[in-house]
Amino acid sequence: MSGYRATPLLEVRNVRVEYPTRTGPLTPVKDVSFSLDAGEVLGIVGESGAGKSMMGSAIIGLLEPPGRVAAGEILLEGERIDNLSRAALTRIRGRKIGLVPQDPLTSLNPLFTVGQQLVQTIRAHHEMSDKQARARALELLTEVGIPAPDRRIDQYPHQFSGGMRQRVVIALALCAGPRLVIADEPTTALDVSIQAQIIDVLKRTCRDHGAAIILITHDMGVIAETADRVGVMYAGRLVEIGPLRSVVSEPAHPYTSGLMSSIPVVGRELERLSQIAGAMPRLTATPQGCAFHPRCPKAFDRCKLEMPELVPAHSSQAACWLY
Amino acid sequence: MTTRTAHLSRLGELLGRAYNSDLFWSFRHTPSAVVAAAVACVFLLLALLAPWVAPQNPFNLSALSLMDSELPPVWVSGGDSRFFLGTDVQGRDIFSTILYGLRISMVVGFASVLLAMTLGVSLGLAAGYAGGWVEALIMRIADVQLSFPAILVALLVNGVARAALPREVFNDVAMLILILSIGVSSWVQYARTVRSLVVVEKEKEYVQAVNILGRHPLFIAGRHILPNTTGPITVIATINLALAILTEATLSYLGVGMPPVTPSLGTLVRLGNEFMLSGKWWIVIFPSAALVGVVLAVNLLGDWLRDALNPKLR
Amino acid sequence: MIPFIFRRLLQGLIVMLVVALIAFGLFHFVGDPVNNMVGQEVGGEIREQLRESLGLNDPMIVQFARFVARTATGEFGVSFRNGVPVSTLLLERMPATLELVFCASAFALSLGIPMGIYSAINRRGLLTGVIQIVSLTGVSLPSFVVGIVLIIVFSVDLGWLPSSGRGEVVKLGAWSTGLLTASGLKSLILPSITLGLFQLTLVMRLVRAEMLEVLRTDYIKFARARGLSEGIINFHLALKNTLIPVVTVIGLQIGSLIAFAIVTETVFQWPGMGLLFIQAVDFADIPVMSSYLVLISLMFVIINLVVDLLYYAIDPRLQIGGPQAGGGK
């Protein structure tokens, strides 16, 4: 990274998330650091259980107790947000950081109309009259592509189809004007046929509102369409992070190479789908040294003993002793 | 999730496993459950050993003396050290009557739960496994009965028995009638739970496999499906036990339960009721306290059991 | 919606018929009706005449139909115990019971709901611990014990409140109410608490459990993620989601209260339907017993139906259909 840069929008420094249990603490996020600039789209990929959602929850301050950020710092616009009081955190959520959760069906309160939920959120963060808030809500619904918004605004969530609901959720995430939106698996619960549309809506509206996106997903296809940069998580750490092109076409970390080559390309004949042997280690059984070494085709002695840090590799950064 | 089957031949192995299991760990670490279990055990022991533990046999009329009647507890002036908790109008030692009453209350409680469980589980199994009109009929009856409070059903069965039998005969079989009434009034929950469990299990592959092997449906139901229902059934039974004891006490208090000659705790309360207004509070308070103590202990155990067996709350 | 109502009405009708059958069975098979009326010494011929005039020799179906017709028009027969028409007795005693049930419910709800909400929001805390203990003992206390203890403390020892009866009542047409006199109100206090205590603990536990469940849902989490304050989340959103299932359970509980009034009325010698019923059971007064049964069943069926309709009215998911046309995906 070179030249003068403005203060990044978000800085995550050596964050560790812990869950105390009967038999000792579990650490789903072991040591993650990255930064995000205003308006950027950062994709975070990894298998289930790699710690991506935990990371997202930690940033927005919604870790379920007894989970907590045990180490590290999270800075938004240069100020720490990981050590704020509950009241201060409540003010930030929605207003500075928005969340697009995974399941639109269960994320919308079934007993309140879409309009009511929008207006509630808007008025919680801005001094506005009911009418003004409602007008704003109508604007948002139009932006996310809900047809006949003046009729739909007074309908209940169960009257919307899955894709429409997710658009409403996006509107809700953006209605208070956040600078950062965390989208946690926003398309996983939707039909494949509408996933692309929703990603499109997400990207477009966030850009129009000047919001950066952290897109958490296990679906590489979604990332490839949307992200500016990509971070790959494995066993609670970032093993590679860099511009989209670099990570996808010239993956530096062996795990990333494995991931990329396991994606079948339409139109090319394959004998068998290639896969990475083995499975990601469980939280209670993380190997010493580099967590990937048992499965890595390029592992050597040092990998078993020491944990690698992110270092420049090819055009991105990778945590691997190869570099 | 392991199924908790209890075959006699594996009892030893199971006890060992039980001690180390999650359930027992939860038990050991929930102080209220331990205290409740201890209290319940004490009550149980007292009830079982009543004839030997009680200082006096309150039903041996020749041992009673009216001179001793209506004495207060030993710590109040006028009390007699022979009668720890005082005496009632007939000179019976309250402590002894409570022990015997406890015995009767617990017998009726356990027996009616057993009856309800047998009835409910069998009907639930039948309904779930047979399906069709059998299931429909049983479930409709269950629904209809469920819309009435159990105590009303118990009262009804009781009232019918009373009207049908001459008074002397009724007194003799009062306990049986009570067990029947309470049992009949509470089978529904077992049936419903078992039925829904059976319906789910029936579709599972291991059942279909055994079916293909040609085993008789009853065998399948009893040997394979039934063990999977023990968890929920146990929880229902514990809650039901407390309710059964309460219902019996209520019926006896109302005068349609155990007669004064063989009183349960509820009957004792009713008999003591008359003396409430004349200041002889011990005749009514101590039996009441014993009753509350038993029910509380059983309820605490039931609560703990429910929380411990509920996978969602772990 | 209409077919739903129709189905529920039909169900209710079937229940009533079954109950009528049981009541009819009581009348005719439990003890001999003629015996009940005239005693053992009366000779054979007179009995035969009595049987004929009572229509006891007609086929069962006819007798049953007659029974149903008579019951439906409110003619419940005559009490064995005191020869008074049962319908008169019931009507006389109904206001007492209904008033008691009303006050008990009011007591249970006005305390139970706030306590449940408080203990759900403040999961750990001294007051919540106390509330938990109260709720546990409440479930374990038989209501007659509660009544007795209350009487001992407030009537015998302190002498503040009466231990039995309704006090002075004011007649408003067919209804007699104790709410308009001081002694009437004082008489209502202890019985209402006794009857309502069990329901109080039930409501409290239910509200707490429901609310805890609601507070764990995704939509509440999303609401937090949007920065809505805890106050709004607890008292505006979660409350609404909690109360809807709770309201229906409470409605069904009212039927239960009417039945449990039997015990409370016995403890306080409250001149209501419950006491009447117990006296009937003790005396084997079949007409009163079976009429009470039919009347109670009718009340239950009506309450169940109203509660179902209420549920329909409050939950928007049941009113309007699913996803509507008028939009792409």
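Which residues does B:A242 touch, not counting residues up to four places away in sequence? The legend to View 1 gives the list.

The model is predicted: local features need pLDDT of at least 70, side-chain atom pairs count only at pLDDT 80 or more, and totals for chains, interfaces and linings use all residues. Residues are numbered from 1 along each chain as its sequence is written, while chains are lettered from A and ligands numbered from 1 in the order in which they are written.

**View 1. B:A242 and its surroundings.** B:A242 sits in helix α12 of chain B, residues 230-254. Helices are DSSP runs of H or I with at least four residues, strands are runs of E with at least two, and both are numbered from the N terminus. B:A242 touches B:V295, B:V298, B:N299, B:G302 and C:S140, leaving aside residues up to four places away in sequence. Contact means that the C-beta atoms of two residues, placed from the backbone, lie within 7 Å. B:A242 counts as buried because it has 23 C-beta neighbours inside 10 Å. The cut-off for buried is 20 or more other C-beta atoms within 10 Å of a residue's own; exposed is 12 or fewer, and partly exposed is in between. B:A161 is 81 residues from B:A242 along the chain, and their C-alpha atoms are 24 Å apart.

**View 2. Strand β1 of chain A and its two partners.** Strand β1(A) covers residues 10-19 and runs antiparallel to β4(A), residues 68-76, with 7 bridges between them. Strands pair if DSSP finds at least two bridges between them. A:R16 has A:A71 in β4(A) as its bridge partner. β1(A) is also joined by 6 bridges to β2(A), residues 26-36, again antiparallel. Here A:V15 stands opposite A:V32. The hairpin of β1(A) and β2(A) has 6 residues between the strands, and A:G24 in this hairpin takes a positive phi near 120 degrees.

**View 3. Chain C against chain B.** In this contact, 32 residues of chain C meet 35 residues of chain B. Helices of chain C that each supply at least two residues include α1 (2-29), α6 (126-140) and α12 (286-314). The largest share, 6 residues, comes from α7(C). On the chain C side, 24 residues are nonpolar, 7 polar and 1 charged. Nonpolar covers Ala, Val, Leu, Ile, Met, Phe, Trp, Tyr, Cys and Pro; charged covers Asp, Glu, Lys and Arg; the others, Gly among them, are polar.

**View 4. Chain C against chain A.** This contact takes 24 residues from chain C and 34 residues from chain A. α9(C) gives the most to the chain C side, with 6 residues. That side divides into 9 nonpolar, 8 polar and 7 charged residues.
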